[in-house]
Amino acid sequence: MAESVKVLPEEIQDIINVHEWDMRTREGVQRFRELKAKSLPSVALDGELVWESLIPMQEELIAEIRQRFEEKNQGV
Amino acid sequence: MTDKKKSQRFVFQTRGICPPEIHFQLRQGLLEDIRFVGGGCTGNAQLVARLLKGRPLEEVLQYLDGIDCRNGTSCPHQLNLALRAAEDGRLAPADSFRIYYDPQPRHRIGLIAGLEGDSQALETLLEKMADAALDAIYCLGNLTGKSLQNKQLVRLIRKQEIPAILGETDWQFARGKEAEDLPLLDQNVRDWLIRFPHVVSFGMETKKGMAFFGDYIQKLPGYSDFEPFALEMNMVCGLTNFMQEQAVFPALEAMIPQFEADIILFSQINRWGHWHVAGKDFISLGPAAEPEGLSWGLLEADSGEIRFERMVIDL
(Lines give C-alpha, C1' and ligand atoms only; values in the text may rest on other atoms or scores of the structure.)
Protein backbone atom coordinates (compact mmCIF):
# COMPACT_ATOMS: atom_id res chain seq x y z
CA MET A 1 0.00 0.00 0.00
CA ALA A 2 2.76 2.43 0.92
CA GLU A 3 4.18 2.00 -2.58
CA SER A 4 0.96 3.25 -4.18
CA VAL A 5 1.05 6.29 -1.89
CA LYS A 6 4.71 7.00 -2.62
CA VAL A 7 3.97 7.38 -6.32
CA LEU A 8 1.18 9.92 -5.82
CA PRO A 9 1.82 13.28 -7.51
CA GLU A 10 3.72 15.85 -5.49
CA GLU A 11 0.73 18.18 -5.07
CA ILE A 12 -1.14 15.31 -3.38
CA GLN A 13 1.87 14.32 -1.26
CA ASP A 14 1.96 17.92 -0.01
CA ILE A 15 -1.54 17.77 1.46
CA ILE A 16 -1.42 14.37 3.15
CA ASN A 17 0.36 12.62 5.99
CA VAL A 18 0.74 8.89 5.55
CA HIS A 19 0.96 6.33 8.33
CA GLU A 20 1.37 2.66 7.59
CA TRP A 21 0.49 0.27 10.42
CA ASP A 22 2.28 -3.04 10.75
CA MET A 23 -0.33 -5.71 11.44
CA ARG A 24 2.26 -7.96 13.04
CA THR A 25 2.42 -5.57 15.99
CA ARG A 26 0.01 -4.99 18.86
CA GLU A 27 -0.09 -1.31 17.90
CA GLY A 28 -1.12 -2.20 14.34
CA VAL A 29 -3.79 -4.62 15.54
CA GLN A 30 -5.16 -2.01 17.93
CA ARG A 31 -5.43 0.58 15.14
CA PHE A 32 -7.06 -2.00 12.86
CA ARG A 33 -9.70 -2.64 15.51
CA GLU A 34 -10.24 1.05 16.20
CA LEU A 35 -11.01 1.51 12.51
CA LYS A 36 -13.39 -1.48 12.67
CA ALA A 37 -11.63 -3.01 9.69
CA LYS A 38 -12.20 -6.63 8.76
CA SER A 39 -9.65 -7.48 6.12
CA LEU A 40 -6.30 -6.52 4.64
CA PRO A 41 -5.12 -4.33 3.08
CA SER A 42 -7.33 -1.57 4.48
CA VAL A 43 -7.05 2.13 3.71
CA ALA A 44 -8.47 4.84 5.96
CA LEU A 45 -8.61 8.54 5.22
CA ASP A 46 -9.00 10.99 8.10
CA GLY A 47 -9.58 8.06 10.45
CA GLU A 48 -12.41 6.68 8.36
CA LEU A 49 -12.18 3.30 6.71
CA VAL A 50 -12.56 3.80 2.94
CA TRP A 51 -11.18 0.72 1.20
CA GLU A 52 -10.96 -2.86 2.42
CA SER A 53 -9.31 -5.85 0.78
CA LEU A 54 -8.08 -3.73 -2.09
CA ILE A 55 -5.61 -1.08 -3.06
CA PRO A 56 -7.52 1.62 -4.94
CA MET A 57 -6.52 2.76 -8.39
CA GLN A 58 -4.37 5.86 -8.23
CA GLU A 59 -7.08 8.03 -9.85
CA GLU A 60 -9.64 6.85 -7.33
CA LEU A 61 -7.31 7.51 -4.41
CA ILE A 62 -6.44 10.99 -5.69
CA ALA A 63 -10.11 11.87 -6.25
CA GLU A 64 -11.05 10.80 -2.71
CA ILE A 65 -8.15 12.75 -1.18
CA ARG A 66 -8.99 15.87 -3.22
CA GLN A 67 -12.66 15.70 -2.31
CA ARG A 68 -11.90 15.42 1.40
CA PHE A 69 -9.30 18.18 1.20
CA GLU A 70 -11.77 20.51 -0.50
CA GLU A 71 -14.54 19.72 1.98
CA LYS A 72 -12.24 20.48 4.87
CA ASN A 73 -11.01 23.70 3.36
CA GLN A 74 -14.31 25.16 2.20
CA GLY A 75 -14.46 28.88 2.94
CA VAL A 76 -10.77 29.01 3.84
CA MET B 1 21.45 -1.76 20.36
CA THR B 2 19.83 -2.42 23.72
CA ASP B 3 17.74 0.24 25.37
CA LYS B 4 19.32 0.75 28.78
CA LYS B 5 16.37 2.86 29.97
CA LYS B 6 14.11 -0.15 29.81
CA SER B 7 14.24 -2.82 32.46
CA GLN B 8 16.18 -5.86 31.28
CA ARG B 9 15.60 -9.28 32.76
CA PHE B 10 18.42 -11.80 33.06
CA VAL B 11 18.52 -15.49 33.92
CA PHE B 12 21.89 -16.83 35.10
CA GLN B 13 22.58 -20.57 35.32
CA THR B 14 24.59 -21.07 38.51
CA ARG B 15 27.36 -23.58 39.29
CA GLY B 16 28.15 -25.23 42.62
CA ILE B 17 25.35 -23.71 44.71
CA CYS B 18 21.88 -24.88 45.73
CA PRO B 19 19.67 -22.63 43.52
CA PRO B 20 20.20 -23.57 39.87
CA GLU B 21 19.18 -20.15 38.55
CA ILE B 22 19.42 -16.52 39.57
CA HIS B 23 16.85 -14.17 38.02
CA PHE B 24 17.39 -10.43 38.17
CA GLN B 25 16.45 -7.20 36.46
CA LEU B 26 18.57 -4.15 35.69
CA ARG B 27 17.42 -0.68 34.77
CA GLN B 28 19.86 2.15 34.14
CA GLY B 29 22.54 0.56 36.30
CA LEU B 30 20.18 -0.20 39.20
CA LEU B 31 19.41 -3.69 40.42
CA GLU B 32 15.63 -3.98 40.34
CA ASP B 33 14.84 -7.46 41.41
CA ILE B 34 16.80 -10.55 42.42
CA ARG B 35 15.52 -14.05 42.86
CA PHE B 36 17.52 -17.16 43.74
CA VAL B 37 15.39 -19.84 42.14
CA GLY B 38 14.98 -23.53 42.82
CA GLY B 39 16.73 -24.19 46.11
CA GLY B 40 18.94 -22.87 48.88
CA CYS B 41 18.17 -20.87 52.00
CA THR B 42 14.94 -19.25 50.89
CA GLY B 43 14.61 -16.83 53.79
CA ASN B 44 18.20 -15.56 53.54
CA ALA B 45 17.91 -15.25 49.77
CA GLN B 46 14.77 -13.16 50.11
CA LEU B 47 16.47 -10.90 52.65
CA VAL B 48 19.48 -10.41 50.36
CA ALA B 49 17.13 -9.59 47.50
CA ARG B 50 15.32 -6.98 49.59
CA LEU B 51 18.56 -5.39 50.79
CA LEU B 52 20.02 -5.11 47.30
CA LYS B 53 16.89 -4.00 45.48
CA GLY B 54 17.15 -0.53 43.95
CA ARG B 55 20.90 -0.23 44.62
CA PRO B 56 23.45 0.72 41.97
CA LEU B 57 25.29 -2.20 40.45
CA GLU B 58 28.75 -0.86 41.37
CA GLU B 59 27.70 -0.59 45.01
CA VAL B 60 26.24 -4.10 45.06
CA LEU B 61 29.30 -5.69 43.49
CA GLN B 62 31.61 -4.62 46.31
CA TYR B 63 29.58 -6.68 48.83
CA LEU B 64 29.72 -9.87 46.82
CA ASP B 65 33.43 -10.61 46.56
CA GLY B 66 35.25 -13.20 48.67
CA ILE B 67 32.31 -15.10 50.19
CA ASP B 68 32.65 -18.88 50.23
CA CYS B 69 29.92 -21.37 51.18
CA ARG B 70 30.53 -24.66 49.35
CA ASN B 71 32.37 -25.98 46.30
CA GLY B 72 34.59 -22.91 46.38
CA THR B 73 31.66 -20.65 45.64
CA SER B 74 28.50 -19.22 47.21
CA CYS B 75 25.23 -17.53 46.27
CA PRO B 76 26.84 -14.06 46.56
CA HIS B 77 29.80 -15.23 44.45
CA GLN B 78 27.47 -16.59 41.75
CA LEU B 79 25.44 -13.35 41.87
CA ASN B 80 28.71 -11.48 41.45
CA LEU B 81 29.52 -13.53 38.34
CA ALA B 82 26.00 -13.03 37.02
CA LEU B 83 25.98 -9.26 37.47
CA ARG B 84 29.44 -8.83 35.97
CA ALA B 85 28.44 -10.99 32.99
CA ALA B 86 25.32 -8.87 32.45
CA GLU B 87 27.33 -5.67 32.85
CA ASP B 88 29.93 -6.53 30.24
CA GLY B 89 27.47 -8.16 27.81
CA ARG B 90 28.50 -11.82 28.20
CA LEU B 91 25.05 -12.59 29.60
CA ALA B 92 22.32 -11.53 27.20
CA PRO B 93 18.94 -10.32 28.49
CA ALA B 94 16.42 -13.14 28.70
CA ASP B 95 13.48 -13.37 26.33
CA SER B 96 10.31 -11.99 27.85
CA PHE B 97 8.75 -15.44 27.91
CA ARG B 98 10.16 -18.92 28.23
CA ILE B 99 9.55 -21.53 25.52
CA TYR B 100 9.87 -25.27 26.03
CA TYR B 101 10.72 -27.02 22.78
CA ASP B 102 9.48 -30.61 22.95
CA PRO B 103 12.29 -32.57 21.28
CA GLN B 104 10.13 -35.58 20.31
CA PRO B 105 7.85 -35.59 17.27
CA ARG B 106 4.31 -36.43 18.44
CA HIS B 107 1.24 -38.16 16.97
CA ARG B 108 -1.30 -38.28 19.78
CA ILE B 109 -1.21 -35.58 22.43
CA GLY B 110 -3.49 -35.32 25.45
CA LEU B 111 -4.27 -31.76 26.50
CA ILE B 112 -5.41 -30.64 29.93
CA ALA B 113 -6.20 -27.04 30.85
CA GLY B 114 -7.62 -24.93 33.63
CA LEU B 115 -6.90 -27.27 36.51
CA GLU B 116 -6.83 -24.34 38.96
CA GLY B 117 -5.28 -26.35 41.74
CA ASP B 118 -7.53 -29.40 41.43
CA SER B 119 -4.89 -32.09 41.95
CA GLN B 120 -7.58 -34.75 42.37
CA ALA B 121 -8.92 -33.92 38.89
CA LEU B 122 -5.42 -34.24 37.46
CA GLU B 123 -4.89 -37.61 39.14
CA THR B 124 -8.17 -38.92 37.74
CA LEU B 125 -7.48 -37.54 34.28
CA LEU B 126 -4.01 -39.08 34.15
CA GLU B 127 -5.44 -42.42 35.23
CA LYS B 128 -8.13 -42.35 32.51
CA MET B 129 -5.81 -40.97 29.84
CA ALA B 130 -3.38 -43.83 30.41
CA ASP B 131 -5.57 -46.01 28.16
CA ALA B 132 -5.55 -43.54 25.26
CA ALA B 133 -2.16 -44.52 23.78
CA LEU B 134 -0.92 -40.94 24.04
CA ASP B 135 2.69 -40.12 23.33
CA ALA B 136 2.59 -36.86 25.29
CA ILE B 137 0.45 -34.88 27.71
CA TYR B 138 0.63 -31.11 28.04
CA CYS B 139 -0.99 -29.06 30.81
CA LEU B 140 -2.00 -25.52 30.01
CA GLY B 141 -2.65 -22.94 32.73
CA ASN B 142 -4.11 -21.97 34.93
CA LEU B 143 -2.50 -24.76 36.89
CA THR B 144 -3.14 -23.01 40.20
CA GLY B 145 -6.17 -21.24 41.60
CA LYS B 146 -8.30 -20.72 44.67
CA SER B 147 -7.47 -24.19 45.89
CA LEU B 148 -5.60 -25.56 48.87
CA GLN B 149 -4.23 -28.30 46.60
CA ASN B 150 -1.99 -26.03 44.51
CA LYS B 151 1.14 -27.51 46.07
CA GLN B 152 0.02 -31.12 45.46
CA LEU B 153 -0.88 -30.25 41.89
CA VAL B 154 2.52 -28.71 41.10
CA ARG B 155 4.23 -31.69 42.77
CA LEU B 156 2.23 -34.13 40.65
CA ILE B 157 3.05 -32.28 37.44
CA ARG B 158 6.74 -32.36 38.37
CA LYS B 159 6.64 -36.01 39.38
CA GLN B 160 4.97 -37.02 36.13
CA GLU B 161 7.32 -34.71 34.17
CA ILE B 162 4.40 -33.20 32.27
CA PRO B 163 5.25 -30.14 30.20
CA ALA B 164 3.15 -27.45 31.87
CA ILE B 165 2.49 -23.93 30.65
CA LEU B 166 2.01 -21.00 32.98
CA GLY B 167 -1.34 -19.26 33.04
CA GLU B 168 -1.78 -15.74 34.35
CA THR B 169 -2.56 -16.83 37.92
CA ASP B 170 0.43 -19.20 37.88
CA TRP B 171 2.70 -16.36 36.77
CA GLN B 172 1.37 -14.14 39.55
CA PHE B 173 2.01 -16.89 42.09
CA ALA B 174 5.49 -17.45 40.65
CA ARG B 175 6.38 -13.80 41.24
CA GLY B 176 4.63 -13.57 44.62
CA LYS B 177 2.14 -11.09 43.19
CA GLU B 178 -1.06 -13.10 43.32
CA ALA B 179 -4.44 -11.61 44.16
CA GLU B 180 -5.23 -11.29 47.87
CA ASP B 181 -8.05 -13.83 47.76
CA LEU B 182 -5.72 -16.63 46.65
CA PRO B 183 -4.28 -19.02 49.23
CA LEU B 184 -0.67 -18.84 50.38
CA LEU B 185 1.88 -20.90 48.51
CA ASP B 186 5.28 -22.15 49.70
CA GLN B 187 8.32 -20.41 48.26
CA ASN B 188 9.68 -23.65 46.81
CA VAL B 189 6.44 -24.17 44.87
CA ARG B 190 6.66 -20.62 43.57
CA ASP B 191 10.25 -21.35 42.53
CA TRP B 192 9.10 -24.37 40.59
CA LEU B 193 6.35 -22.38 38.92
CA ILE B 194 8.72 -19.63 37.79
CA ARG B 195 10.79 -22.22 35.96
CA PHE B 196 7.83 -23.56 33.99
CA PRO B 197 7.58 -22.25 30.41
CA HIS B 198 5.01 -19.77 29.09
CA VAL B 199 4.87 -21.48 25.72
CA VAL B 200 5.35 -25.03 24.49
CA SER B 201 6.53 -25.68 20.95
CA PHE B 202 5.97 -29.14 19.50
CA GLY B 203 5.98 -31.07 16.25
CA MET B 204 3.30 -33.39 14.84
CA GLU B 205 4.42 -35.10 11.62
CA THR B 206 5.20 -32.17 9.31
CA LYS B 207 3.16 -29.69 11.37
CA LYS B 208 4.52 -27.36 14.01
CA GLY B 209 2.45 -26.51 17.04
CA MET B 210 2.55 -24.02 19.88
CA ALA B 211 0.55 -23.76 23.08
CA PHE B 212 0.10 -20.77 25.35
CA PHE B 213 -2.39 -19.49 27.91
CA GLY B 214 -3.43 -16.02 26.80
CA ASP B 215 -2.79 -12.32 26.62
CA TYR B 216 -0.83 -11.79 29.86
CA ILE B 217 2.26 -12.87 27.90
CA GLN B 218 1.93 -9.75 25.75
CA LYS B 219 2.27 -7.65 28.90
CA LEU B 220 5.46 -9.31 30.17
CA PRO B 221 8.43 -6.93 30.50
CA GLY B 222 10.42 -6.89 27.29
CA TYR B 223 7.77 -8.63 25.19
CA SER B 224 8.52 -8.04 21.54
CA ASP B 225 6.11 -8.40 18.64
CA PHE B 226 8.90 -10.17 16.79
CA GLU B 227 9.77 -12.92 19.26
CA PRO B 228 9.06 -16.50 18.22
CA PHE B 229 5.27 -17.11 18.12
CA ALA B 230 4.49 -13.48 19.00
CA LEU B 231 2.63 -13.11 15.70
CA GLU B 232 0.40 -16.09 16.49
CA MET B 233 -0.32 -14.71 19.96
CA ASN B 234 -0.98 -11.17 18.67
CA MET B 235 -3.44 -12.51 16.12
CA VAL B 236 -5.27 -14.83 18.51
CA CYS B 237 -5.44 -12.41 21.46
CA GLY B 238 -5.56 -8.99 19.85
CA LEU B 239 -7.04 -9.42 16.40
CA THR B 240 -9.63 -12.16 16.85
CA ASN B 241 -10.32 -11.92 20.60
CA PHE B 242 -9.49 -15.61 20.99
CA MET B 243 -11.27 -16.54 17.74
CA GLN B 244 -14.54 -15.10 19.03
CA GLU B 245 -14.78 -12.43 16.30
CA GLN B 246 -15.13 -14.24 13.04
CA ALA B 247 -15.74 -10.98 11.14
CA VAL B 248 -11.97 -10.35 11.21
CA PHE B 249 -11.04 -13.81 9.94
CA PRO B 250 -10.31 -12.37 6.45
CA ALA B 251 -7.54 -10.30 8.06
CA LEU B 252 -6.35 -13.35 9.99
CA GLU B 253 -6.16 -15.28 6.73
CA ALA B 254 -4.00 -12.52 5.24
CA MET B 255 -1.56 -12.79 8.15
CA ILE B 256 -1.42 -16.58 8.35
CA PRO B 257 1.28 -17.06 5.68
CA GLN B 258 3.70 -15.40 8.11
CA PHE B 259 2.88 -17.83 10.93
CA GLU B 260 5.58 -20.12 12.28
CA ALA B 261 3.06 -22.58 13.77
CA ASP B 262 0.36 -24.66 12.12
CA ILE B 263 -1.44 -25.61 15.33
CA ILE B 264 -2.17 -22.92 17.91
CA LEU B 265 -3.50 -23.93 21.34
CA PHE B 266 -4.70 -21.53 24.04
CA SER B 267 -6.75 -21.73 27.22
CA GLN B 268 -7.55 -18.25 28.54
CA ILE B 269 -11.24 -18.13 27.68
CA ASN B 270 -12.17 -21.37 29.47
CA ARG B 271 -14.20 -22.60 26.50
CA TRP B 272 -13.75 -25.48 24.08
CA GLY B 273 -13.41 -24.64 20.41
CA HIS B 274 -11.68 -25.65 17.18
CA TRP B 275 -11.33 -23.41 14.13
CA HIS B 276 -9.65 -24.36 10.89
CA VAL B 277 -8.58 -21.21 9.05
CA ALA B 278 -6.39 -21.12 5.94
CA GLY B 279 -4.76 -24.45 6.74
CA LYS B 280 -4.06 -23.68 10.40
CA ASP B 281 -5.78 -25.21 13.41
CA PHE B 282 -6.73 -22.93 16.28
CA ILE B 283 -7.85 -24.76 19.41
CA SER B 284 -9.26 -23.32 22.60
CA LEU B 285 -9.12 -25.62 25.62
CA GLY B 286 -11.84 -25.47 28.22
CA PRO B 287 -11.40 -26.22 31.93
CA ALA B 288 -10.60 -29.72 33.15
CA ALA B 289 -13.46 -29.88 35.66
CA GLU B 290 -16.93 -29.01 34.43
CA PRO B 291 -20.39 -29.90 35.74
CA GLU B 292 -20.78 -32.72 33.20
CA GLY B 293 -17.49 -34.34 34.17
CA LEU B 294 -13.76 -34.06 33.61
CA SER B 295 -12.60 -33.02 30.16
CA TRP B 296 -9.41 -33.26 28.21
CA GLY B 297 -8.51 -32.73 24.57
CA LEU B 298 -7.16 -35.31 22.14
CA LEU B 299 -4.96 -33.86 19.42
CA GLU B 300 -4.03 -36.30 16.71
CA ALA B 301 -2.01 -36.12 13.52
CA ASP B 302 -2.82 -38.55 10.75
CA SER B 303 -1.32 -38.33 7.25
CA GLY B 304 -0.92 -34.57 7.48
CA GLU B 305 -4.39 -34.00 8.91
CA ILE B 306 -4.96 -32.64 12.39
CA ARG B 307 -7.91 -33.94 14.38
CA PHE B 308 -9.10 -32.57 17.68
CA GLU B 309 -11.71 -34.00 19.99
CA ARG B 310 -12.91 -33.06 23.44
CA MET B 311 -13.04 -36.14 25.64
CA VAL B 312 -15.43 -36.15 28.59
CA ILE B 313 -15.07 -38.54 31.50
CA ASP B 314 -18.31 -39.20 33.39
CA LEU B 315 -17.82 -39.34 37.11
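How do strand β5 (residues 108-113) of chain B and β6(B) pair, in the parallel or the antiparallel sense, and over how many bridges? They pair in the parallel sense, over 5 bridges. Two strands count as paired if DSSP finds at least two bridges between them. Helices (H or I, at least four residues) and strands (E, at least two) are DSSP runs, numbered from the N terminus.

This is a predicted model: local features need pLDDT of at least 70, side-chain atom pairs count only at pLDDT 80 or more, and totals for chains, interfaces and linings use all residues. Residues are numbered from 1 along each chain as its sequence is written, while chains are lettered from A and ligands numbered from 1 in the order in which they are written.

## Chain A

Chain A has 4 helices and 2 strands. Their order from the N terminus is α-α-α-β-β-α. The C-alpha trace of chain A spans about 40 × 25 × 20 Å along its principal axes. Of the 76 residues in chain A, 8% are buried. A residue is buried if 20 or more other C-beta atoms lie within 10 Å of its own, exposed if 12 or fewer, and partly exposed in between; C-beta atoms are placed from the backbone.

Two residues are in contact if their C-beta atoms, placed from the backbone, lie within 7 Å. Take the contacts in chain A between residues at least 6 apart in sequence: 27% of them join residues at least 24 apart.

Chain A also meets chain B. Here 12 residues of chain A are in contact with 13 residues of chain B. The chain A side of this contact divides into 5 nonpolar, 4 polar and 3 charged residues. Ala, Val, Leu, Ile, Met, Phe, Trp, Tyr, Cys and Pro count as nonpolar, Asp, Glu, Lys and Arg as charged, and the others, Gly among them, as polar.

Strands of a sheet pair through backbone hydrogen bonds, either parallel or antiparallel.

| Strands | Sense | Bridges |
|---|---|---|
| β5(B) and β6(B) | parallel | 5 bridges |
| β6(B) and β7(B) | parallel | 2 bridges |
| β5(B) and β14(B) | antiparallel | 4 bridges |
| β11(B) and β12(B) | antiparallel | 5 bridges |

B:A113 has B:L140 in β6(B) as its bridge partner. B:L140 in turn has B:I165 in β7(B) as a bridge partner. B:R108 stands opposite B:E300 in β14(B).

In β5(B), 5 of the 6 residues are buried. In β6(B), 4 of the 5 residues are buried, so this strand is largely enclosed by the rest of the structure.

Helices link the strands. β5(B), helix α4 (residues 119-129) of chain B and β6(B) form a right-handed β-α-β unit. A crossover is right-handed if, with the strands pointing away from the viewer, the path from the first strand over the helix to the second runs clockwise. The chain then crosses from β6(B) through helix α5 (residues 150-159) of chain B to β7(B), and this crossover is right-handed too.

The axes of α4(B) and α5(B) come within 8 Å and cross at roughly 30°. Axes are lines fitted to C-alpha atoms, for helices over the stretch in contact, and angles run from 0 to 180 degrees between N-to-C directions. Angles under 35 degrees count as roughly parallel, and α4(B) and α5(B) are therefore roughly parallel to each other. B:S119, B:L122 and B:E123 in α4(B) meet B:Q152, B:L153 and B:L156 in α5(B). That contact is made of 3 nonpolar, 2 polar and 1 charged residues.

B:G273 has B:S284 in β12(B) as its bridge partner.

Is α8(B) enclosed or open? 10 of its 10 residues are buried, so α8(B) is largely enclosed by the rest of the structure. Its buried residues pack against α3 (26-34) of chain A, together with β9, α9 (249-255), β10 and β12 of chain B. After α8(B) comes B:N241, with a positive phi near 50°.

Note on methods: Angles under 35 degrees count as roughly parallel, over 145 as roughly antiparallel, 65 to 115 as roughly perpendicular and the rest as oblique.
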